Structure formats: C-alpha cells, structure tokens
Amino acid sequence: MEHISNEPSLQVRVASMTLRNPVMTASGTFGYGEEYADFVDLGHLGGIVVKGTTGSRREGNAYPRMAETPSGMLNAVGLQNVGVEAFCSEVYDRIKHFDTNVVVNVSGSTLEEYCQVAARIDALSAIPAIELNISCPNVKQGGMTFGTRPEMAAEVVAAVRSVFSRTLIVKLTPNVTNVVEIAQAVEEAGADSVSLINTLLGMAIDVERRRPMLSTITGGLSGPCVKPVAVRMVWQVAHAVKIPVIGLGGISTAADALEFLMAGARAVQVGTANFVDPTVSVRIVDGLADYCRRHHIADINDIVGIV
Amino acid sequence: MKKQMTDFRVVAREDYLPNFFVLTLQGGEPLDEVRPGQFVEVAVPDCREVMLRRPISVHDVDVEAGTLSLLVQVVGRGTERLSQVAVGSTLNVIWSLGRGFSVAGERVLLVGGGTGVAPLLYLAKCYAARGVRPTLLLGGRTSGLIPTLSRYEPWGRLCVATDDGSLGERGLVTEHSCFAEPYDHICACGPTPMMKAVARSARQRGIDCEVSLENMMACGLGACLCCVAATDEGHKCVCREGPVFDIKHLNQWMNE
C-alpha cells in the first residue's frame, strides 16, 4: 500500500535559499525580528526580511510619516536605519542565530552605496540573501529612480551582482508603466529572484487642516487595498521571467498568500498585516498547511503558477 | 515584561466627560507588571474603515480584580466605534506597551490636560503605594472638561486650572499657584504646548521631569518607525522608547 503522509510539504526554494515554508515577513514591517519575538516563533517562518539598510545611518523623514487610508495605510518613513556598519557590528550578532532565513534589505542613493552595503553584507555568513531595494518611494535620491528605468535597474543589479555572492533578490516598484520589462532587465543583469510589489505612490489630505497628511506630501500605499494590483503584477512577471518570484502586497490571510502562489510566486512576504496582528505570519503558515490538507496537496510547489 | 495579545472582556463602560468614556476590561491575566504611563493597542471590532489598532494609555489597573481601565476620547471613526462596544463583548488587546513613568521623586507634581489626565490616575496610585502623596494639577478650557475629581482625590492633593476660571484657578497650568512650589519631580501628559511649557519651566528650575508624548502609531512595537519623535539623539519611537521621555533627551523638542 502506498504511504500517504498527512503532513504536506511546504518547503520551497528561492535560488540557493531553502525556506521551510513560503511565508516571509516584508522589510520595514517586522523590524529586525526581535520586535515580534514575544508573539512569533521565528522558527516557524520561511524567512524574515529585515529593515532597509543603507551605507550610513539615516534619520528618515519628519513626522507625520503615516496615514491610515481605507483598507490600507500610507507611510513615508524614508529608510530610517542604523546604517550598515552598526548593522554589522551590533544588530547582526543579535539576529544571526535566528532559526530562519534572515534576509537583509539593501538600500541606497547611489550605485556605489548599494555596492558598499552589499559587499559588507556578503561578509556576513549567516545572511543567505539580500533584497535589493530599488523601489523605495520615500527618499529624494536613488530608491525608486533606479527601479523605474530598465537600463538603470540593470546597471545597479549588475554592479551589486559583482560584489555579492549569495542569493540576490531585487525588489520591484509597481510605479511603472511596464513592470515586466524591469523584471526582465534585472533577470538579465544577474538577479536570482525578484520580489514585488513595493508600495504604490499615494497621497492623502487632511481637509480640516487643508494640508497633506504626510510631511513628505506623498508616500507609499500598502495593505489589503493594494492586493489585486500586486497579484496582477506577480502574475505578469511570473509568466515573463525564469527566476523565482516572491509576491507581496496586502497579504493578511492564507487565502491571500495562495492567490500569490497560484499567480506564480514561489514565496510570499507579509507586510502591513503584521501591524494589525503580530501573529499573522504564523497563522498564514498554518493556513497554508490546512489548505494543502483539505485539497490533498502533498507539495505546495504543485500549486505555484497554476493560474 | 513580555508583550501579549489577549482577548479582554468589557466588564464596564461609563461616560466620563462629553466625548470621553471609560472601558474596564478583564482578561484573566495577571496585571501586576503593567506600569503607569504604558499603553495598549486595541483592535477596533466590526469596523471596515479602520484597519490599524488604536493606541490607548492605561488609565487604571486593579491588580486584585484583574481589571484594566482605559479612558478614551472620541477623536475619529476608530474611537467612535470603541465608544459603542457593549458590556460583555470582547476586545482584542496587545499589552502592555512602551516605557512608563519612573515613579521617582519625593515631592512630586503630576500635570494633566485633556486625555492627558488618563495615565495620571494609576500613576498617582503608584506614588501612593510608595508613600508619596503627589500634587495633581489638572487643566482644561472650562469646568465641564475637567474629569470627575473624586476619582483622583484619594491619591493626592488636587489642584485645578481652567482657562475661563469656572473651576479652580483661572489660567494655564503653568500659571497655577501650586506650580511654583518646590518639587523634585514633575510628570506631564496632555496637549503638546502644555507639556512643552511645563518641561521648559522644569528645565529652568532644575527639576527632573518626564513627559508622555502622543503620536500616530501603526504597530506599537517599534517596528514600523511611524510614530517617531525628534529627540536629542535623533528619531525615537514613541511606542517603544516612549511614550514617557525624560526631558533631558528632549531639548530640541522643547525649543521648537
């Protein structure tokens, strides 16, 4: 008689990185993981993507940086972080033993800064991957400008590729006419994976005070309201590239995560939902396992890209 | 202490002042480690327009009864919905968050205005438990906006300042006669201009002073970096490094 295991396999691979399940947490929504340690056993997650790290310490934008909008929120944090040297000398020692893939989101204003940060992270053996953020809408220089033009995106990815030896994920912005041509350009330039979507550029106005809700006027929209846009873009990109796609944008339930997997994502990231329910990421892992059992799916990879 | 997410039962709901109400919650968890000045993040039930939790400061704790009270001001859709929750219903709460007051000093002044009076009740009780009877100075525009004084009376000497003189002394809290008395510690919570005036005066007089800041928050855990205050050491999260700050770190904030 054939042996049938009740426990479905949730393990996935993103280039050379193996994840025990497809669920990661998105950069900027989970701190360095420590902030959620009281709520989440990190060993139950496929991975965490820690805060965007830049060449030097950044204070970020002025308050107010956040506005709640229908089924979502705008943020304009502006890459506040301790900088790569403090990350390596202080933060890394605290988080390197986490029983999950700790991915560092790498940000910058110039091509040289991206390379400087990536080269420093390359020396940290417990970091299996970086996520190159060429899509932050909240900084004046760099950030999204690299991610909106295929030739600039390719240039920065090729440069970082030459200094980073492990899995290189490139995070894409949805604020483009054709996300497919950006994805193809970074694949061509040596990216191992793409993650999408970063936030959508948005704006909200306080009508009583007659001024923008954010100090920066515009900011990045995230949360359930962006999910259909994100699913569409993941579906488009997954059909156009050979490298694995990581899907994110408004995921707050296992069903949301499944939409992304079926659209072609090999893994997913949970972002804004962490603010609402700090345990949501593990709930989604449990929900995926439950779905597989209910639908007799032995291996979650079997449903990736089935739509 | 470990942060927790717990379903609390609403055991009492009472109107307080116009637009203010008090919710008393019971969660079956020991509350002895909750510090005065800490806050909780409450999920707003059955409200499609509101996604994020609402940060609300701890008003009172009854360790023996296992109850936690929140004084809430209706300021928008989230708090309006919270004002309608029924006794017996359940609220999902993340608690207890942030850094509270140090409860330091021997000659202590507690200054509150608006919803800023909320944390002062439990703070005064914690001083009383230490054998210190603080002066409680409550300010507001008019007598109708000053909370039920009987609640505060057992825990300190009560002083009131109103803009229109309808209760207590006329004028700002910093103009009240009790404000000039000698203290070794001042705690303030309320509108930013009030806290800045109190803090500047404390700095000038060389009195230790803590203020409780309020900013819009998303996570409440120090992860999203949305609620930052500009301290002398750079942007700090009000939710994690605050909400209570020693004014020694807020010179830039005081000078603004």
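How many residues does the contact take from chain B and from chain A? The views below show a predicted model, in which local features need pLDDT of at least 70 and side-chain atom pairs count only at pLDDT 80 or more, while totals for chains, interfaces and linings use all residues. Residues are numbered from 1 along each chain as its sequence is written, chains are lettered from A in the order in which they are written, and side-chain values use heavy atoms, without hydrogens and water.

**View 1. The interface of chain B and chain A.** The contact (heavy atoms within 4.5 Å) takes 29 residues from chain B and 32 residues from chain A. About 2600 Å² is buried between the two chains, and carbon and sulfur atoms give 60% of this area. Buried area is the accessible area (1.4 Å probe) that two parts lose on being put together, summed over both. In chain B, Met51(B), Leu225(B) and His235(B) lose the most area to chain A, together 26% of what that side buries.

**View 2. A salt bridge between the chains.** Glu68(A) and Arg54(B) meet through their side chains in a salt bridge, 2.8 Å from N to O. The term means a side-chain nitrogen of Lys or Arg within 4 Å of a carboxyl oxygen of Asp or Glu. Two salt bridges are found across this interface.

**View 3. Helix α2 of chain B.** Helices (H or I, at least four residues) and strands (E, at least two) are DSSP runs, numbered from the N terminus. Nine of the twelve residues of this helix (residues 118-129) are buried, so the helix is largely enclosed by the rest of the structure. Buried means under 20% relative accessible area, exposed over 50%, and partly exposed in between (1.4 Å probe, protein chains only). Among the buried residues are Leu120(B), Tyr122(B) and Cys126(B). Their cover includes β4 (54-62), β7 (108-113) and α3 (149-152) of chain B.

**View 4. A salt bridge between two helices of chain A.** In the pair Arg120(A) and Glu85(A), the closest N and O atoms are 2.9 Å apart. Arg120(A) lies in helix α2 (residues 111-122) and Glu85(A) in helix α1 (residues 84-95) of chain A, so the pair ties together parts that are 35 residues apart in sequence. Arg120(A) counts as partly exposed at 29% relative accessibility, and Glu85(A) counts as partly exposed at 41%.

**View 5. A salt-bridge network in chain A.** Salt bridges link Lys227(A), Asp256(A) and Glu259(A) in a network.
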